[in-house]
Each structure stands twice: as C-alpha cells, then as structure tokens.
Amino acid sequence: MRDEAPDVAGTSERTRLSRRGLLGLAGAGAAGLVVGGGAGAGIALAAASAGGASGADTNARYPFEGSNQAGITTPVQDRLHFASFDLSSSATRDDLASLLKDWSAAARAMAAGKDVGSGAVPDALTYPPDDTGEALGLGPSGLTITIGLGPTVFTATDGSDRFGLRAKQPKLLQPLPRFSGDALQAGLTGGDLCIQACADDPQVAVHAIRNLSRIAFGRASIRWSQLGFGRTSSTSTSQVTARNLMGFKDGTANLKAEEPSTAESVWVQAGDDAAADWLAGGSYLVARKIRMLIEDWDHQQLGEQERVFGRDKGEGAPLSGGTEFTALDLDSVGPAGKPAIDRAAHVRLAHSSTSGAVILRRGFNFVDGNDDLGLLSAGLFFIAYGRSPEQFIAIQRSLAGHDALNEYIKHIGSGIWAVPPGASPGGWVGETLFA
Ligand code: HEM
C-alpha cells in the first residue's frame, strides 16, 4: 500500500543521486537545459544530447511550475501518453484535492528528471518502491504533464454536486455537442480528469502516466488512454512541420508560441467567466480520437488527396499557390474555372475566415495495431487548446458537415477538460479551484 511508504510527495536523495549517476554515464558534462516558462515560449535546445532511446535530447527540461501549465504552448514533443480518469464513487472533495496535490508533487519531480517519492531503489526492501523505475537513466526528456478537469467534476452524470464545486463550474465546460458523423464509443469518451504526458522518449511519457495512475489508486482509475507517436503539429516557429499518417504536412497554419496573438487565443483571461476566475491562466483541452480509413485513402489518386486538404503533398503549399507558409487565397480560381482550393477542402473549412475561430492544435499519430478485418487501426489523436470551448466547436461544426476529409476519417473518441493555470512555486495544479 502506498500509505505505508514515507515521503510520498518528496524526492529521495539517494535516488536523485542514482539518476544523476546514470545520466552522467550517458552524457558526461551534458548540462540539462531548463527551457520555457509557464507561457512555454522557450525552445528545447540540444546543447549536448545524452542520446535516449529515440535519439532525442534526454536533458531537455520544462519546469512544471509557471503561470500556465506546460505542455500547451511548449514546443510539441515527439511522444504522447494521454489518459482519462474517473474518480471513484467513494472519492470525497478532500480526496480530489489530495490527488491533485500528489499528482503535482510527482509531476514536478518527474519533469525535473527525478524519481517519484522515495524513488525507484529506496533503502528499504520491505515495501514496493514509490517509483516504478523504468525511467531510470532516461533524464527528463522534455517531459510535460498537463492536468485537466472534466465537466463531471462539477456536475456528476446523475446531476449531483458530489464535490460541492458546481458553483465554480465554468459555464462553457459542458459535454461537447454531437457533431454530424460522430461515431463515438463510450469507452473512448469523457472522463472526470485527464493527464496529457508528452516527452521525447516514449518510455518517459509512459512512466509518467503509469506512476500517476498508481498514485491515484483508490481515488481515481484510468477510464481510457492513448499512446501517440510522431507529433502532427508544431507549436513553435523553431520546429519543422511534421507529417500525419496520410502523408501530409500537418501543423503549418497552427498557432505558434512566438506569435503575440497566441496567448489571447489560448489562455483564459480573468473576467472571461465570473464563476470561474480560478481558471484564469488556464485553457480548455478538447481531445478527439480520429480513426483514419487508411486503406481507402491509400487508393486515392494524388490529385484527389490534394483536393481533400487544399494543399499539395510534397511542399505543403496551398493549392492557390506559393510555398508552405504562403497564406491561403480562398478566392483563387484554378485552370478549369473552379476554386483552386476546393469548396469542401479541409483547410478552407477549418480556416478562421470560414469557421470564425482559431485553436492551438497539439495532436499525435497513433497506430493501435489492426482491427478484426486486418485493417490498420490508425489515425490522429487530435488535441486542441483554446481560451473557450466555442473555438473548437465552431471549427468542428464547419468541418463536420462538408469536409471532403470526412470520407476518410471517423471520430471515435472525445473529451473536454478545463486545464487549470500552472502551479505556483511549491503549489499544486487545481489549488485556485479550492482556494
Ligand atoms: C484526421 C483528422 C485530421 C487531419 C488528417 C487533419 C489534417 C490537416 C492538414 C494536413 C492541414 C493543413 C496543414 C496545416 O495547416 O496544419 C490541416 C489544417 C487545419 N486543421 Fe486539420 N486535420 C484533421 C482534423 C482536424 C480537426 C478535427 C480540426 C478542428 C476541429 C482541424 C483543424 C484544422 C485547422 C484549424 C487547420 C488550419 C486551417 C488554416 O487556417 O489553414 N483539423 N489539418
């Protein structure tokens, strides 16, 4: 039982030393770089790579504390482990607060490359170690842990105010509306709490979720989770645009941390919602598990694939002309007298001039093996952040009805969470809600 283990929230000196020792062997003299503040404007600089399993810089480190939680405008890492949790039916308000405190303490340690609690290899042999150990020697690897609170924390599915928090529920934190074409599965949808763990090493991200769910034992358990590999967006101008599993560059027109207007599109401002001033400096996270009908897609001619997105496949340039970062010209007419960017093209319908909104995308590719028919269970685990859920809803409404991409995708999972502001020094995520 965890309760028997001392120093749950702290970090063992012995283990800290052993982690350092292991790191030293991997990359002697490689100074870990602390990058990015809460606003996440910093860039992961690989001064001296300790070379983890993925070849990424194991020393890249983003502080857990800050005015905003890390993992939003932070340059998107390469790996994801996302988990949705349900609080146990017996959990009390104090259990919820203590869970958020314990998660924050563990997240603070792991983001710094330290073990959880008294470590993976404590002195005592008579109880299970606080830390499961698989991240020993892997360094922080750019780990960020981002915690969210779902609508059911404030109003349970049976309508009850189980934690006495209903008066503080943000007005717009409601289950998402049903969109045309939704094929959502209950087992991939919703959840009281969520944790997005991103890192440049898959084992570091998995270690984070594993240890945080272990800490939650008796108070909350995983409802569903998703592993992601290969970012499908960029959140910093320093990043090259990655490709999604349809082979297209994804993230070109995303909000970037360096753009001055990004902050006001992503962070909830004081006064946005009188009932929820505790959320100022936070954000709203929408996750959608989107299955790609990959085999159908792979049979399409290149011209059709490019029509669907409205961009060319090689360069990622708009079909209205130019290079990757040239602005879309939605009025441009092609040689056959038709719009150069099709009326149903994904980028036309997602663009702010059509949908009326912008979001920060932070999605990842996923492959869950094959289904019973032998088809690839693959797609995009879409994650978006916005100052209001209305931003995602407006864009998804624009896409749901008419997007040419709909023929090749299916939304099978979904969730929405309010992401509190970052933890203050020594504080915890969610503290403002309970203040
Ligand atoms: C499997 C599903 C999806 C795929 C494969 C996909 C792929 C792409 C690609 C290739 C682009 C063009 C490059 C870029 O600017 O990033 C793009 C743009 C965009 N997508 Fe998606 N997308 C998907 C779902 C969504 C969803 C669900 C939303 C939001 C509800 C969304 C919102 C956007 C936005 C806002 C843009 C930028 C449009 C612009 O202003 O040019 N996408 N997407």
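1. **Basis.** The model is predicted: local features need pLDDT of at least 70, side-chain atom pairs count only at pLDDT 80 or more, and totals for chains, interfaces and linings use all residues. Residue numbers start from 1 along each chain as its sequence is written. Helices (H or I, at least four residues) and strands (E, at least two) are DSSP runs, numbered from the N terminus.

2. **Ligand shell.** The ligand is surrounded by 28 residues. The closest are Thr-252, Ala-253, Ala-350, His-351 and Leu-380. Two or more residues each come from strand 6 (249-250), strand 7 (283-292), helix 7 (346-350), strand 10 (376-386) and helix 9. Helix 9 gives the most, with four residues.

3. **Shell classes.** The shell holds 16 nonpolar, eight polar and four charged residues. Here Ala, Val, Leu, Ile, Met, Phe, Trp, Tyr, Cys and Pro count as nonpolar, Asp, Glu, Lys and Arg as charged, and the others, Gly among them, as polar.

4. **Pro-389.** Pro-389 lies in helix 9 (residues 389-402). Pro-389 counts as buried because it has 23 C-beta neighbours inside 10 Å. The cut-offs are 20 or more other C-beta atoms within 10 Å for buried, 12 or fewer for exposed, and partly exposed in between, with C-beta atoms placed from the backbone. Beyond four places in sequence, Pro-389 is in contact (C-beta atoms, placed from the backbone, within 7 Å) with Leu-172, Tyr-284, Val-286 and Ile-416. Pro-175 is 214 residues away in sequence, yet its C-alpha is 10.0 Å from that of Pro-389.

5. **Arg-178.** Arg-178 sits in the loop between strand 2 (144-149) and strand 3 (193-199). Arg-178 has 10 C-beta neighbours inside 10 Å, so it counts as exposed.

6. **Core.** A nonpolar core is a set of buried Ala, Val, Leu, Ile, Met, Phe, Trp, Tyr and Cys residues joined through C-beta atoms within 7 Å. The largest has 94 residues, and Ile-145 and Ala-205 have the most contacts inside it. Helix 2 (residues 93-111) gives the most to this core, with 10 residues. Ile-145 touches, among others, Ala-107, Met-110 and Ala-111.

7. **Helix 2 geometry.** The expected span is 1.5 Å times one less than the number of residues. For the 19 residues of helix 2 that gives 27 Å, and the end C-alpha atoms are 27 Å apart, which agrees. Gly-113 follows helix 2, with a positive phi near 85°.

Methods:
Two residues are in contact if their C-beta atoms, placed from the backbone, lie within 7 Å. A residue is near a molecule or strand if its C-beta atom, placed from the backbone, lies within 6 Å of it.
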